[in-house]
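Have the structure open while you read.

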Amino acid sequence: MTDTDKTIADLAARVEKLLAEHPPAATDRLEFLRARFDAGLAWVHFPEGLGGLGLPRELQAHVDRLLARAGAPDNDPRRNGIGLGMAAPTILAYGTEEQKKRFLRPLWTGEEIWCQLFSEPGAGSDLAALATRAERDGDHWIVNGQKVWTSGAHKARWAILVARTDPGAPKHRGMTYFLCDMTDPGVEVRPLRQITGEAEFNEVFLTDVKIPDSLRLGEEGEGWRVATATLMNERVAIGGGDPRREGGMIGVVAGTWRERPELRTPELHARLMRLWVEAEVARMTGRRLRQKLAAGQPGPEGSAAKLTFARLAQQLSGLELELLGAEGLRYDDWTMKRPEVVEFTGKDAGYRYLRAKGNSIEGGTSEILRNIVAERVLGLPPEPRTDKDVPWKDLPR
Amino acid sequence: MSDELDLLYTDVEESVRDSVRSLLAKRSTPEQVVRVYDGDRSGLAELWQALAAELGLAALLVPEEHGGAGASAREAAVVLEELGRYVAPVPFLTSAVVATTALLEAGATDRLGELAAGERTAALAVPFSTAPGRAVPAVSVDGGVLQGSVHAVAGALEADLLLVPVRTDGGLELHEVSGGDARVTPVTSLDMTRQVADIDLTGVASRRIAGADAAERAVGRALETGAALMASEQYGVAQWCLDTTVEYLKIRRQFGRIVGGFQALKHRLADLYVTVESARAAARYAAAAVAAGHPDRSVAASAAQAYCADAAVLAAEEAIQLHGGVGMTWEHPAHLYLKRAKADQIALGTPGAHHALLAALVDLPAA
Ligand SMILES: Cc1cc2nc3c(=O)[nH]c(=O)nc-3n(C[C@H](O)[C@H](O)[C@H](O)COP(=O)(O)OP(=O)(O)OC[C@H]3O[C@@H](n4cnc5c(N)ncnc54)[C@H](O)[C@@H]3O)c2cc1C
């Protein structure tokens with residue numbers, strides 16, 4: 001038996017034990033999820049005691065499969081995408097032991113939903129320009145400012161937050177990263193209606209919000225470095241792809257194609273096959289990326305996966321509307337809603353088409369990601385920068 | 001391991017790569033390769049000899065009991081990445097991959113020892129454009145003597161042995177013909193680094209090496225394996241084009257700036273990088289699926305071929321455009337890569353042909 005075989009056998013035994021002690025059919029969902037976390041089967045690449053076993057990341061899929069086969073509940077990852085994809089790996093990398101112990105378990109079980117307070121009206125692609133202030137007051141920080149495009153703030157219990165702590169330093173050096181309690185007085189969430197009609201994202205106003213210093217993540221002034229780690233994880237989370245063939249948007253379109261022969265035309269077939277191949281190749285590229293990342297943290301290569309994901313989602317959802325013809329002229333519902341989950345492939349074709357437009361904007365626009373790939377992967381010259389060594393407070397705004 | 005095929009490179013594969021690369025860097029430089037366009041094929045046999053016999057590449061896919069190395073499609077794919085990177089004019093794909101697979105699948109193992117030793121080479125006598133799964137043009141046989149000709153066969157010029165699909169009343173058979181017996185006419189080819197030839201077999205005596213079912217399977221598998229692994233060659237071509245273009249744009253100045261700092265070009269190269277990385281993943285998956293005899297191998301081969309063919313052409317076309325005038329010159333090697341990429345796009349099934357194959361395999365019918 002190779003070491004990997006042994007690890008797999010050991011994992012299977014752990015899954016068996018969990019299932020025996022907490023039979024899914026007879027166990028409360030939350031109780032089962034907590035037990036799964038405590039057994040180290042939540043994310044096997046995390047350390048022991050923090051939901052993991054310190055194993056290679058790719059073994060998680062194996063555990064998920066075994067548990068799904070046994071009818072075990074999952075933690076509904078779509079409900080807490082930001083928590084799982086961005087907050088958790090950042091807390092793991094930069095958090096204190098206390099922070100990791102406090103936050104990771106309820107995050108993974110979905111008891112606490114997270115959102116990301118990064119973007120501001122004046123700081124989007126240029127996130128390092130942000131103006132939300134955090135001022136020290138004894139062992140607390142007093143935060144004032146406005147965030148925007150905050151997905152899921154209306155259902156979030158916690159937020160990851162970047163704020164300016166030293167306006168006298170150049171913009172990248174004067175920021176600090178915090179964990180923010182969304183129930184604190186002074187946090188006000190207002191829905192921001194979007195292209196689909198619903199309000200998945202929000203404006204968030206922060207007025208004299210008091211954050212204890214124990215909720216600072218990383219050192220004072222280190223906020224950019226920590227945020228970069230979050231953003232790289234975000235790109236992998238968005239673009240990392242579905243491990244199943246025809247997972248995601250291609251599966252929806254292929255399904256319609258199979259079920260509705262009357263809609264087929266040669267021209268659409270040519271486009272469908274090309275996109276099918278591209279989706280399949282993207283899946284393999286994501287798989288290679290995951291295998292490469294098995295131990296380490298995501299690097300700039302994650303941007304490539306996100307670029308492909310966004311392009312494919314947009315082309316496929318556009319193709320689907322054309323395929324549907326007259327049906328594509330309908331839209332299911334324009335009433336303003338505040339969704340519980342972020343839907344990429346759910347709902348109807350018109351929704352998918354419109355929502356996919358966000359895929360090349362959220363988590364870094366495709367233009368910014370191309371800059372990252374060109375500069376950090378290919379080593380081409382950086383964009384000219386006029387603001388690098390200027391104190392943030394002196395920058396024109 | 002979990003049922004996921006490994007798409008990275010093993011240490012063994014990396015060491016195969018290193019030895020192939022260091023030999024090609026000395027003996028297959030662009031200045032050496034470009035001579036084939038002026039009809040100078042001197043030194044090609046020695047180059048192949050060095051790769052086949054010294055490095056043992058001809059033996060890779062031949063099992064140990066037949067005198068081979070018993071390696072897998074994964075190692076062969078890494079070799080093809082390097083051969084693509086150097087547009088090396090050697091019959092590895094045609095002989096050590098396609099013809100060797102045909103012989104293995106046909107159960108005609110008596111020739112494999114000579115092929116593995118690099119003493120002789122073989123070629124499958126079908127047009128290089130033939131897609132797997134398609135009916136192959138076949139010559140006919142009458143009283144042990146062949147009738148007919150085959151056009152645009154790759155690897156035929158250097159082949160000591162031709163594997164000829166023959167149409168009979170009982171179905172397709174595979175015959176063997178000594179290269180010296182056939183009339184092989186070189187064709188001035190778009191890609192002279194893998195020159196094609198026309199073969200006239202009229203009146204040539206042959207030996208039957210596989211009957212109906214075995215011959216169909218052998219030809220089908222040989223073409224499929226060829227398509228699956230040619231994707232790695234296409235990836236190698238594309239990677240060279242990307243690397244070379246990035247390097248050039250880091251030194252070329254216009255308007256007082258490094259040209260590679262212009263965002264329009266950075267974005268094009270970023271997109272090309274994404275395409276090339278994707279091609280690599282597709283090619284790796286195809287090689288791993290073939291190596292493992294995975295049930296998904298046909299899908300993997302066609303998906304890889306459909307994607308990598310276009311990726312290599314795009315990379316070569318971008319390389320030429322982004323080098324400006326230099327890219328149009330005979331002196332710059334980019335043209336060698338464009339010619340190989342475009343010929344490869346037609347070889348072993350165009351992307352369109354593979355889309356059609358896939359449509360049947362994954363149940364997405366055209367109408
Ligand atoms: C659906 C959705 C959900 C989101 N959720 C969140 C969230 O939960 N939390 C959060 O903090 N943020 C969130 N965002 C915000 C998102 O991260 C920003 O929208 C994004 O970073 C772009 O910033 P911007 O909107 O200010 O556009 P701008 O930065 O103003 O960009 C405008 C245009 O200029 C281009 N551009 C800008 N700079 C450059 C450059 N240097 N080179 C080339 N082109 C450039 C951009 O690509 C874009 O096309 C979300 C956005 C969307 C659409």
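In this predicted model, two elements of chain A, β3 (140-151) and α11 (366-377), each give at least two residues to the shell around the ligand. That shell has 19 residues in total, and the closest are Ser125(A), Trp149(A), Ser151(A), Thr365(A) and Glu367(A). Sorted by class, the shell comes out as 6 nonpolar, 10 polar and 3 charged residues. As for the ligand's place in the assembly, look between chains A and B.

| Residue | Protein side of the pair | Ligand atom | Distance |
|---|---|---|---|
| Gln116(A) | polar backbone atom | nitrogen | 2.8 Å |
| Thr365(A) | N or O atom in the side chain | oxygen | 2.7 Å |
| Asn371(A) | polar side-chain atom | nitrogen | 3.5 Å |

On its own, the ligand has 980 Å² of accessible area, and the protein covers 68% of that. Thr365(A) shows up in the table and is also one of the closest residues listed above.

Now hop over to chain B. Ser206(B) sits in the loop that runs between β8 (196-200) and β9 (207-210). Its side chain makes a polar contact of 2.6 Å with the side chain of His175(B). Leaving aside residues up to four places away in sequence, Ser206(B) touches Gly144(B), Leu146(B), His175(B), Glu176(B) and Val177(B). So what you have at His175(B) is a residue that Ser206(B) touches and also pairs with through a polar contact.Last stop: the second largest pocket, with a volume of about 530 Å³. Its lining counts 27 residues, and those nearest its centre are Glu278(A), Arg311(A), Asp271(B), Thr275(B) and Tyr307(B). In chain A, the elements that give two or more residues to this lining are α8 (266-293), α9 (302-324) and α11, while in chain B they are α8 (263-291) and α9 (297-322). By class, the lining has 11 nonpolar, 7 polar and 9 charged residues.

Key:
Residues are numbered from 1 along each chain as its sequence is written. Chains are lettered from A and ligands numbered from 1 in the order in which they are written. This is a predicted model: local features need pLDDT of at least 70, side-chain atom pairs count only at pLDDT 80 or more; totals for chains, interfaces and linings use all residues. Side-chain values use heavy atoms; hydrogens and water are left out. A residue is near a molecule or strand if one of its heavy atoms lies within 4 Å of it. A polar contact is a pair of N or O atoms within 3.5 Å; within protein, one must be able to donate a hydrogen and the other to accept it, and residues adjacent in sequence count only if both atoms are side-chain atoms. Accessible areas come from the Shrake-Rupley method with a 1.4 Å probe; for residues, only the protein chains shown count as cover. Helices (H or I, at least four residues) and strands (E, at least two) are DSSP runs, numbered from the N terminus. Ala, Val, Leu, Ile, Met, Phe, Trp, Tyr, Cys and Pro count as nonpolar, Asp, Glu, Lys and Arg as charged, and the others, Gly among them, as polar. Contact means heavy atoms within 4.5 Å. On a 1 Å grid over the protein atoms alone, a cavity is a set of points where a 1.4 Å probe fits but cannot get out, and a pocket is an open set with protein on both sides within 12 Å along at least five of seven lines; lining residues have an atom within 4 Å of a point. Grid points are joined across faces, edges and corners, and a volume is the space filled by probe spheres set on the points.
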